Structure formats: C-alpha cells, structure tokens
Amino acid sequence: QNNFLRFNYSYEHKRIVTVKGKYNGIYRVNNITHYSFYPSFYAGWVASKEPYFVAIKSINFLKFYTQYGRTDNRNIDNIIPSIQSNSFILPEISEIVYKPSINFNLGMDFILFNQRIQGDVIYFSSKTIDKIPDGTTPARGLVNSGTELNLNIHLLTRPGFSWIVNSNVTFAKLRFDKIKANNRSSAAPS
C-alpha cells in the first residue's frame with residue numbers, strides 16, 4: 001500500500017521547489033505490514049535566467065540545485081527468503097529490514113559557448129545498510145560520498161557529421177559509519 005504526495009513550485013522558471021512524500025506499507029516477514037514515511041526535497045535556481053547573466057553570451061544555461069531524500073532499501077528482499085526461522089533470531093524489523101537509504105546531492109548543470117560544452121558537477125552522499133546481523137555480524141551504515149564531473153564537448157559539427165567527446169571523472173569514498181548490535185551503537189573503523 002502506497003500513499004504519495006507531491007508539491008511543485010516554480011517562480012518564472014528560475015526558482016524551483018519540489019517536495020514529495022511517500023507513506024509505504026510493505027509486506028515482508030511474519031505476515032506483518034510495515035509502514036514508513038519517505039520524504040524528499042528538491043530546490044533549484046536557474047541562474048542563467050537572471051538579468052545579470054543574460055548579458056554573458058558564453059553562458060547558455062546555468063543551474064544550481066540541491067536534493068535530499070529517504071528511500072526504501074530494497075536490497076533486503078534478496079536476503080529475507082534465505083533466513084531460516086528455526087536457526088535465526090530475527091532482528092528488530094523496524095530497525096534493520098526497513099532502514100532507509102538517506103541521500104543528499106548538491107549540483108550544478110551548465111551549457112557554455114553556444115552549446116559546445118555541456119556538463120554537470122555533483123557532490124553526492126548516500127547512506128545505506130550494509131548487511132543484516134546473522135547472529136555474529138552486526139549491521140553497519142555504509143556511507144558512499146564523493147564528487148562527479150560529466151563533460152560533453154562538441155569539437156566539430158558539420159552537416160551529416162559530428163565529433164563529440166564525452167568524459168566522466170568520479171572521486172568517491174566508502175566508509176562504515178556505525179555498527180549496531182545488541183541495541184548498542186559504536187563507531188566503526190574507516
């Protein structure tokens with residue numbers, strides 16, 4: 001069972017705000033339906049539409065934005081069927097099975113020099129659950145963060161022929177944020 005709410009606001013297509021919320025009822029284990037609320041938020045500013053940017057001919061499009069949201073960790077579906085109820089003590093389901101992923105992005109989209117250069121730069125951070133306790137291994141918060149650059153350069157454009165170079169550079173870091181076991185939390189080594 002899913003309930004969904006979305007709100008969009010745009011001021012002159014320059015300032016954009018989107019707020020979304022999902023209230024999901026998910027049937028998983030022991031014939032129990034678990035409900036969780038997953039909000040998300042987006043805010044964008046199209047700077048190239050501002051009067052002081054219009055005069056800059058080399059900038060065709062420039063937008064800054066930020067995103068935040070919580071999503072369901074669906075990877076748990078592949079683990080639950082393998083659990084043997086007679087040899088495994090189920091963890092607190094609301095704590096482990098339905099732990100959401102928390103995502104944060106901060107980015108910039110740009111088009112330059114009469115659309116010859118297009119790209120985006122984004123900082124991303126996502127925290128998810130690494131694994132379920134199996135009696136010996138505790139669950140750990142896995143944090144993936146970094147910066148990504150995508151760049152498309154139109155080197156040559158002729159009727160019937162175009163030469164485009166695409167590039168991607170990503171700097172990412174993985175670390176374990178915390179360990180939970182026996183209702184206690186402790187810092188994990190990076």
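Across residues 75-97 the pLDDT stays under 50, and the model has 28 contacts beyond four places in sequence for this stretch. Here pLDDT is the predictor's confidence in each residue, from 0 to 100, and a contact means heavy atoms within 4.5 Å. Residues 132-136 also have a pLDDT below 50, with 13 contacts beyond near neighbours in sequence. Where pLDDT is low, the predicted coordinates should not be read in detail.

As a word on the basis, this is a predicted model in which local features need pLDDT of at least 70 and side-chain atom pairs count only at pLDDT 80 or more, while totals for chains, interfaces and linings use all residues. Residues are numbered from 1 along each chain as its sequence is written, and side-chain values use heavy atoms, leaving out hydrogens and water.

The confidence values can be set side by side:

| Part of the protein chain | pLDDT |
|---|---|
| Protein chain | mean 77 |
| Helix α2 (residues 93-96) | mean 43, the lowest among the elements |
| β5 | mean 94, the highest among the elements |

In the protein chain, 66% of the residues reach a pLDDT of 70 or more.

Now for the layout. The protein chain has 2 helices and 9 strands, where helices (H or I, at least four residues) and strands (E, at least two) are DSSP runs numbered from the N terminus. Read from that end, their order is β-β-β-α-β-α-β-β-β-β-β. Of the contacts between residues at least 6 apart in sequence, 52% join residues at least 24 apart.

Of the 190 residues in the protein chain, 26% are buried; buried means under 20% relative accessible area, exposed over 50%, and partly exposed in between (1.4 Å probe, protein chains only).

Glu-50 counts as buried because its relative accessibility is 5%. Leaving aside residues up to four places away in sequence, Glu-50 touches Lys-14, Arg-15 and Trp-45.

Finally, there is a pocket to visit. A pocket is an open set of points on a 1 Å grid over the protein atoms alone, where a 1.4 Å probe fits, with protein on both sides within 12 Å along at least five of seven lines; lining residues have an atom within 4 Å of a point. The second largest pocket is lined by 19 residues, and Lys-20, Ser-40, Phe-41, Tyr-68 and Gly-69 lie nearest its centre. Strands β1 (2-11), β2 (15-27), β3 (33-46), β4 (59-71) and β5 (101-112) each supply at least two residues of this lining.
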